[in-house]
Amino acid sequence: MTDDSSERQPASERSDVASSSELVVPGQVLPGTIHLLPLVGRPFFPGQAMPIVINGDTWLPTVQEIGETSHHMTGVCLVKTDNADAAGPGDFHTTGTLVRMHHPGQVDGRIQFIAEGLRRFRVIKWIRREPPFVARVEYPEQPDENADELRAFALALINTIKELIPLNPLYSEELKAFLDRFSPNEPSMLADFAAGMTSSSGDELQAVLDTVAVKPRMEKVLVLVKKELEVARLQTRIRKRVEDSMTEQQRKFFLREQLKEIQKELGIAKDDRTADVEAFSKRLEGLKLPADAGKRIEDELQKLSILESGSPEYAVTRNYLDVLTALPWGKYSQDKIDLERARTVLDRDHDGLADVKGRIIEFLAVGALRGEVAGSILLLVGPPGVGKTSIGRSIADALGRKFYRFSLGGMRDEAEIKGHRRTYIGAMPGKFIQAIKESGTANPVIMLDEIDKIGASYHGDPGSALLEVLDPEQNSDFLDHFLDVRFDLSKVLFVCTANQLDTIPGPLLDRVEIIRLAGYITQEKVAIARHHLWPRQLKRAGVKARQLKITDAALRHLIDGYAREAGVRTLEKRLGRIVRKSVVQLLDGAKEPIRIGIKELEEYLGPPFFQRERSRTGVGIINGLAWTAMGGATLVIEATKVHTKNRGFKQTGKLGEVMRESAEIAYSYISSHLHEFGGEPTFFDEAFVHLHVPEGATPKDGPSAGITMATALLSLARGQRIKRPLAMTGELTLTGQVLAVGGIREKVIAARRNRIMELILPEPNRRDFDELPDFIRDGMKVHFVSHYRDVKQQVFS
C-alpha cells in the first residue's frame, strides 16, 4: 500500500503523518485537500477493497483530476439522496473514507475503479461546491481505550461471525479476504469489517462510520451483527421448510409414477390418452348429436388416440373435445308454462310494474298455446334500478329454465360472441356456447345485460355478430368459430336489457320485442321498500324486524325527499344507512324497538335533497313537464320584457340545440299570430324579450317544451297570468300543430307529486295516457290538444 509518489506531492495536498489507528503505512502522508465522490445506499469503510461504479458523464472530470494527483487518493461519502448525480454539498455526510483509486476504466458511459479504503476523514470546509467537488478534510485520531475491553468486544464479534459462517458461505469468503490483509487483533479494522459484511441500512452503517472511538463503534457493530445472525437463522428455517416441502412433493410424485407403472403391468390402469378417449366417449352417452357434430367428434377422438400425450397438438385436440362433449346436445328442460304460477312468481319478486307483468304474461300465454316458448327475444328498456335484470331472472324461474347472465357493456371483440379460432393460443368458445355449456341444457334463459353499451374496435363489431344470434331464422344453425360445427340456439329465450334505444343498431332492434319499464311511482316504491328492500337491509345487518320499525309516512318522505330517481337503488342505499345508524343505537343500549318516523329520518339523513316543487304563477310564467333520468319533473318557463329600445330575443338556462330551436319556433309563431291571440300586434316589434328556464346549471334539451314556451311568451304579450295550477307538454311546429312527445307516464307522475292536477297534453298522446294505471289517472283533468289554438283556448279562456 505504499506509494513513493506520495512523498513528492505538493505541500498544499499534504497533511499529518497517518495515525497508527487504522491503515498505517510508514512515511505515508495523507492529503489535507481531496476530491469527493458520492455513494448511494451504503458507506465505504477503511480496510475495504471493492469496485465502485459511477456515471461517466457527471464524474469523468473528477476522475481525471484524481488521476493527475501524485497520490491517486479521493474521498467517498454516503449521500442523503437516491440520485448521486444530482447530489450537492448539503447532501454529503460529513464523515467519509479516504480511498486509493486503482485501475480506473470507462465502459458504456460508466466509470469503474477499485477502491482501497485507507482512513476516516471529516469534511471541514468545501473548496469547490460544484463537480468536481473538492474539500479540506481532517483525519480524526482515535482516543486511548482499555485494551481488555476492546479484546472482549473483539472476541464477541469473532464468535458471532463464526455463528454466521455456517449459515451463509459468503461470510466465510469475506472473512478469509479480511484475514489475508489484517490481523484479528486489530479491533478498529475488525469493527469496520464486521459492519461492512452486514446488510444493515445505510443510516445504521453511517452511524458506525461516524463513530471514531473503537469501543462505542464495536458496541454498535455488535448489535448489527447480532441482528444479521437472527435474519440468517430465519432464512435458514424458511429455506429448510421449503426444501422439506419440495422433498415431500418429489417423493409423492415418484410414488405415483411407480403406482402407475405397477397398475399398467397388472392391467388395471390405462395411460392418459386412453383415459381421455374413454371419458369423452362416456360423456356422449344419452346425447342426441347432429350428424355433422357426431362425425367431427368421432374424427377428433380418432386423432386423439394416435397423438402423443406430450405434443402441443394433443393439448389443443383434448381442449376442443372437452368443450364439444360437454355441450348438452339435444338436451332440453321441460317448460312449466302455467300462467297462474308465472303471475305468482312475478308478484312475489316485484311490486308494481303491472303493465310490464301483463306483457310478460301475454308472451307466456302465446308460448302455452304453441306448447313451447322458443325463438323469442325480449328487450327490457328502462332507467337504472327499475328491476330489468331481476325480471329476466323471474321469467326463467316462472318457466323452470336455467338462467345465465352476462354483460355486453364495453364489449369490443367479436370473438366474445362468436369465439376464437382454435389456431390461437388460449382460444375459447364465445359467450353463448359458454352459457349453454354452464347451463347444462340447450334451452336456458340467457340475459344480455347492457346491450346499449356494446362497442366496436379493430377486433370487430360485436353488435353485428349479435345479428345472427338474435335472429330466430338464423340461430338454429349458429356457428361458433371455436366449435366449427353448428349449434341450435333457436330454443333459447334471450332477454336483453338497455337504458336507452338510441345506441342500439337498427337491424338489432328489428329482431327484438321491446318492453318498456318507465320507473316506479311513490306508491310502488313504498310497497317495494316495505316488502323487499327493508327486509333485505335488516337481514344484511343481522337485525330482527321487531327491533327496528319504519313508518309508511317515513318511507314516503324518504322517497320524495331523498330518492326521487326512477329506480330504487338510491332508495335501498338510504335504507341501508338508516339501518346502520340504528344498529349503532342498539349497541349503545337504545330501547327496543327503535321506530323510524319523519323526524328520526331527517336526524339520520339530514335535510331532504329534493324540496317540493311548488307551482308558480305570474305573467310570463308557465309550468312545463320534462322527462329526466330521475323519472320526470316540472319545468318552469319564465319570460320577461327587458326593455323597448329594440326588438330582440334571448334564451338562457343551459338549453340544448333542439330546445333553442323550439324557443325560436315558439317566438316566431306567437309573434306572427299575436293579433289572433288577443295581444298587441306590435309588442314583439318593440320589446327585447328574455326567456329563461331555471336551474341554469342543469343541461336541458328536447322539443317537448314548445307549447310551454309559446304560452309563456303569449302570457307576457297579453300581460295576463295563469291563476290556476296548470302544466303542459308538447312539441310545437311553425304552423301551430302540436306533436306527440315521450315520457308521458313520468311527466304525469311528476305533476301529481307537485299537486298539479290539470294538464295539457298532445292529442297523439291520448293513448299513452289511457294506458296508465287507474291510480295515476284518478283525479287528473287532462286537455288533449292538436293545435296551439286549443292550448290558448284552455289557458286564457
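Pro216 is found in helix H6 (residues 214-266); helices (H or I, at least four residues) and strands (E, at least two) are DSSP runs, numbered from the N terminus. The structure is a predicted model, in which local features need pLDDT of at least 70 and side-chain atom pairs count only at pLDDT 80 or more, while totals for chains, interfaces and linings use all residues. Residues are numbered from 1 along each chain as its sequence is written, and side-chain values use heavy atoms, with hydrogens and water left out.

The relative accessible area of Pro216 is 33%, so Pro216 is partly exposed. On this scale, buried means under 20% relative accessible area, exposed over 50%, and partly exposed in between (1.4 Å probe, protein chains only). Leaving aside neighbours within four places in sequence, Pro216 is in contact with Glu145 and Thr211, where contact means heavy atoms within 4.5 Å. Pro216 and Leu150 are separated by 66 residues in sequence and by 9.9 Å in space, C-alpha to C-alpha.

## Helices H14 and H15

Helix H15 (residues 462-469) is mostly covered, with 6 of its 8 residues buried. These buried residues are Pro462, Gly463, Ala465, Leu466, Glu468 and Val469. The elements that cover them include helix H13 (415-418), helix H14 (431-439) and helix H16 (506-509), and also strand E9 (445-449), strand E10 (478-479) and strand E12 (493-498).

Helix H14 has buried residues of its own, namely Phe432, Ile433, Gln434, Ala435, Ile436 and Ser439. After H14 comes Gly440, whose phi is positive, near 80 degrees.

## Aromatic pairs around Phe432

A search of the whole structure finds 18 aromatic pairs. Rings of Phe, Tyr and Trp (its six-membered ring) pair if their centres lie within 6.5 Å; planes under 30 degrees apart count as stacked, over 60 as edge-to-face and the rest as tilted. Phe406 and Phe432 form an edge-to-face pair, at 5.5 Å centre to centre and with 85 degrees between the planes. Because Phe406 lies in strand E8 (residues 403-407) and Phe432 in helix H14, this pair ties together parts that are 26 residues apart in sequence. Both Phe406 and Phe432 are buried.

Phe432 also pairs with Phe478: the ring centres are 6.5 Å apart and the planes stand at 70 degrees, so this pair is edge-to-face. The pair links distant parts of the chain, with Phe432 in helix H14 and Phe478 in strand E10, 46 residues apart. Both Phe432 and Phe478 are buried. Ring pairs link Tyr404, Phe406, Phe432, Phe478 and Phe494 into a cluster.

## Arginine side chains over rings

Arg422 lies over the face of Tyr320, at 3.7 Å from the ring centre. Arg718 lies over the face of Phe796, at 4.7 Å from the ring centre. A charge sits over a ring if NZ of Lys or CZ of Arg is within 6 Å of the ring centre and within 35 degrees of the ring normal.

## Crossing of H19 and H20

The axes of helix H19 (residues 569-587) and helix H20 (residues 598-605) come within 10 Å and cross at roughly 95 degrees. Axes are lines fitted to C-alpha atoms, for helices over the stretch in contact, and angles run from 0 to 180 degrees between N-to-C directions. H19 and H20 are therefore roughly perpendicular to each other; angles under 35 degrees count as roughly parallel, over 145 as roughly antiparallel, 65 to 115 as roughly perpendicular and the rest as oblique.

On the H19 side, the contact is made by Arg574, Arg577, Ile578, Lys581, Ser582 and Gln585, and on the H20 side by Leu601, Tyr604 and Leu605. By class, the contact of H19 with H20 has 4 nonpolar, 2 polar and 3 charged residues. Ala, Val, Leu, Ile, Met, Phe, Trp, Tyr, Cys and Pro count as nonpolar, Asp, Glu, Lys and Arg as charged, and the others, Gly among them, as polar.

## Backbone features

The peptide bond from Pro131 to Pro132 is cis, with omega near -5 degrees. Pro132 is placed in the loop between strand E5 (110-128) and strand E6 (133-138). The peptide bond from Glu592 to Pro593 is cis, with omega near -5 degrees, and Pro593 is found in the loop between H19 and strand E15 (594-596).

His103, in strand E4 (residues 95-107), has a phi near 50 degrees, a positive value in a residue other than glycine. His103 counts as exposed, at 68% relative accessibility. Lys654 has a phi near 55 degrees, a positive value in a residue other than glycine, and lies in the loop between strand E18 (648-652) and helix H21 (657-672).
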